[in-house]
Amino acid sequence: MVITERDRTADELLDLRESLMDAATGRLAAAARGAPGERGDLARCREDIGAHIDALSAALRAWGAEQFGEYCAFTAVFLEGIGVPRSALGAALDALSEAIGEQLASARSALAQEALAAGRRRLDASPLVTPAALAAIPAEPGAPGDAGSAAEALARSAPRVAPLSVALGYMRRPEDALAHGWRRSRCLEDARRHVTQLAAAVELEAPALFSDYAEWAQTLLTSFGLDPAELVGHLGALGDAIAIALPEHLAEAPRRHLAAALERLTSGHVELPSFVQLEAPLGPLACDYLDALLQGNRGRALRLIREAVEAGTPVKDIYAHVFQPVQYEIGRLWQLHQISIAEEHYCTAVTQTILSQLYPLVFNAQRAERRLVATSVDGNLHEIGARFVADFFEMAGWDTFYLGASTPAQDVIDEVARRQADVLAVSATLGEHLHSVNEVIAAARDDGRCRNVLVLVGGQPFRVVHDLWRQLGADGSAPTAEGAVHLAQELLAVRSA
Ligand code: B12
């Protein structure tokens, strides 16, 4: 490998990092004496200068001067987001430039000055980042300090915290900002999702919910070829953005949840074994069925199920040991970037079609004179879990009213009253759906027409945190549709005893 003068300059900048930081901060302090208050916190200012030196060094070694300009653009957005004017970054770059001029030999200083000048030029250009990212930082942020809870404060400050965390993440890992290119706006979307999920976990004081989400996100992102350190860096930046945007007492819980998730993420590789195993009950059928779906052969998929039914396989077993694990596996393959969204949609659509073809077998049980309403909460587009629950109750002889995906709370409650349901089954899939679960339970409890209705809840978040149902005020939860039927029967028997 050839070592160039640029590499040597980059090394020397790092060797002199501390003394350059001192010298540049000293210059800024002297300048601020004339205009106090432009930026009081000199210690933080010194740290920022350290980050500028790192970026400058990396620019000299690998990226080039123009990319240092990109780093400056993101840094300026971050600083503007916390109320520090762009001119302050310009002043810091000037101070650093003078310190470098004093401490480095002239040829090396000239190389560094070239990159610094590109940074200065970039600061004069407008807009600094995509207009969407800038628009996301409100001019007058709300007052999270007035919020009643940490979750509310976080949700209120999300429009500010998300872009701040992205800008801060890019400032700390400038290589991401450069590598992401057009995907920077997607990073902002991801940050918004992190904040939403975090607020949901904080609202219920359930750190496991956010840790589970973070592990899922880590597997997803690394399957797209991203460096695992990237999410760790971004979540760390999110914690710091929260510390900046929220008063200390409200920042504590979200930062604690983040720290717990980061501990899980950094403590090793996340294993994600297949949900379809040959040796599991009906394993060979599940493997063949999955294969038919992935081959795009719905005729064969239907034939496999029809033959199994004709051979006497109970429909319930096909639901539990074929359709459910295959759906989970489809999700896993999508998460690992092994199938596309289109393939996932296709497989799900085929399974839904075949489910409908099995209905003559689902609707022939002896009637139990009981009624169930099953729904996916507002915002939840996953409908098959609720559909499974309804079908298992139907197979137990109940009259069932399955409402499908994303039903608003009041409409659910009106339907429960109209159908005189004994049980309401509510399905959620993501942490962000829990707010709607809360809403529908509160609406049921407040409505005199639903006084005797049992409310059961289920879906992924309830499998992650076992007593979450209790916290939300439901009457119970079960991990599967079969379990839901047993639980309802038990609770109704206790009630009538
Ligand atoms: C199909 C699918 C979709 C389809 C749904 C279409 C439809 N018509 O239903 C579409 C494309 C809409 C979709 C969208 C999304 N999805 Co999706 N999806 C899936 C997939 C592959 C299958 C879901 C399914 O059919 N499961 C089968 C049923 C039978 O299982 P179940 O829901 O768990 O239900 C059982 C139990 O939980 C329980 N149960 C369920 N409800 C209830 C209720 C009660 C009362 C009780 C007692 C029990 C109970 O009993 C059921 C039967 O035994 C899953 C993979 C997975 N692991 O589930 C991902 C998955 C759930 N989706 C995921 C994601 C990320 C998303 C999106 C955010 C993607 C995106 N970026 O847009 C969106 C969110 C949409 C939204 N707002 O809800 C992730 C969630 C990861 C996470 N932990 O955060 C998963 C896990 C995929 C993955 N491995 O990454 N998705």
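Hi everyone, let's start with the shell around the ligand: by class, it has 16 nonpolar, 17 polar and 5 charged residues. Please keep in mind that this is a predicted model.

In total, 38 residues surround the ligand. W216, Q324, Y328, H382 and R463 are the closest of them.

Now, where in the fold does this shell come from? Six elements each supply at least two of its residues: the helices α16 (315–335), α17 (341–357), α19 (384–395) and α24 (481–496), along with the strands β3 (423–427) and β4 (454–458). Helix α16 gives the largest share, 7 residues.

At the domain level, domain 3 (283–359) and domain 4 (367–496) both contribute residues to the shell, so the ligand lies between them.

A polar side-chain atom of H382 sits 2.8 Å from a ligand nitrogen. With G331, a polar backbone atom is 3.3 Å from a nitrogen of the ligand. And for Q352, a polar side-chain atom is 3.5 Å from a ligand nitrogen.

Let me move on to the sheet. Its 5 strands are ordered β2-β1-β3-β4-β5, with parallel pairing, and the sheet is open. At the edges are β2 (399–402) and β5 (476–477), each pairing on one side only. Strand β1 (residues 371–376) runs parallel to β2 and is joined to it by 4 bridges. Across that pair, L372 stands opposite T400 in β2.

Note on methods: Residues are numbered from 1 along each chain as its sequence is written. This is a predicted model: local features need pLDDT of at least 70, side-chain atom pairs count only at pLDDT 80 or more; totals for chains, interfaces and linings use all residues. Side-chain values use heavy atoms; hydrogens and water are left out. A residue is near a molecule or strand if one of its heavy atoms lies within 4 Å of it. A polar contact is a pair of N or O atoms within 3.5 Å; within protein, one must be able to donate a hydrogen and the other to accept it, and residues adjacent in sequence count only if both atoms are side-chain atoms. Ala, Val, Leu, Ile, Met, Phe, Trp, Tyr, Cys and Pro count as nonpolar, Asp, Glu, Lys and Arg as charged, and the others, Gly among them, as polar. Domain bounds come from an automatic or database domain assignment. Two strands pair if DSSP finds at least two bridges between them.
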